Amino acid sequence: MTFDYRRALTVLASHEVECIVVGGISAILQGAPVVTLDLDVVHRRTPENVRRLVAARRSIGARYRHDPRGLVPEEAHLLGPGHNLLQTGCGPLDALGAIDAGLAYDDLLPDSEVISIGPGLAVRILSLRRLVELKSAAGRPKDLAVLPTLRATLAEIEKARSG
């Protein structure tokens, strides 16, 4: 199985999908030495944006993971707050309507920033500080396991900014 999150992000950007990269890829893009096997994005759940997401989904062949019928997410699925766990030609992509305690795109927007990750490719990512807060609050074993690394990375970033 191929995992090419940059290609997936390029497709989302080319379709002008408004989304925030959260989870492991957000941490990696901020310098955290962690490993992840999927791309998690929280998308803005407006009809226009969801139409763009459906178009992006088509171009990378997204289908629901673990569904032997090969179902694909349609607009009605993506307009809700649920998690759409997809397999694409780029690898696993989780299109999340909301995370944790119902935090949607607009709730996370103040804690995000746009960064360049390559020529002509800018993506919006969740701040490492907010990611640490969310993973701490979630308390799942996989989140707790990565927290020391995320906290150490955040401390290094803050030290570099202040010094």
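E18 is partly exposed in this predicted model, because its relative accessibility is 27%, and that value falls between the 20% and 50% cut-offs. Its side chain meets that of R52 in a salt bridge, with N and O 3.2 Å apart. The pair spans 34 residues of chain. E18 sits in the loop between α1 and β1, while R52 belongs to helix α3 (residues 47-59). R52 also counts as partly exposed, at 24% relative accessibility.

The structure holds 11 salt bridges. Another one joins D94 and R65, whose closest N and O atoms are 2.8 Å apart. This pair too links distant parts of the chain, 29 residues apart. D94 lies in strand β5, and R65 in the loop between β3 (63-64) and α4 (75-78). Both D94 and R65 are buried.

A local case comes from helix α6. R130 and E133 both lie there, 3 residues apart, or about one turn of the helix. Their salt bridge has a closest N to O distance of 3.2 Å. R130 is buried, with a relative accessible area of 18%. E133 is partly exposed, at 40%. Elsewhere, salt bridges with shared partners join E18, R44, R52 and D106 into one network.

Now to strand β1, residues 19-22. In a regular strand, side chains alternate between the two faces of the sheet. Here C19 and V21 point one way, I20 and V22 the other. All four are buried. β1 pairs with strand β2 (residues 39-43) in the antiparallel sense, over 4 bridges. C19 stands opposite H43 in β2.

The largest pocket has a volume of about 650 Å³. Of its 27 lining residues, D40, K135, R140, K142 and D143 are closest to the centre. Elements that give two or more residues to the lining are α2 (24-29), β4 (83-88), β5 (91-96), α6 (128-138) and α7 (141-162). By class, 14 lining residues of the largest pocket are nonpolar, 4 polar and 9 charged.

Notes. Residues numbered from 1 in each chain as written. Predicted model: local features only at pLDDT ≥ 70, side-chain atom pairs only at ≥ 80, totals over all residues. Heavy atoms only, no water. Buried < 20%, exposed > 50% of the residue type's maximum accessible area, 1.4 Å probe, protein only. Pairing = 2+ DSSP bridges. 1 Å grid on protein atoms, 1.4 Å probe; cavity = no way out; pocket = protein on both sides within 12 Å on 5 of 7 lines; lining within 4 Å. Points joined across faces, edges and corners; volume = space filled by probe spheres on them. Nonpolar A, V, L, I, M, F, W, Y, C, P; charged D, E, K, R; others polar. Salt bridge = Lys/Arg side-chain N within 4 Å of Asp/Glu carboxyl O.
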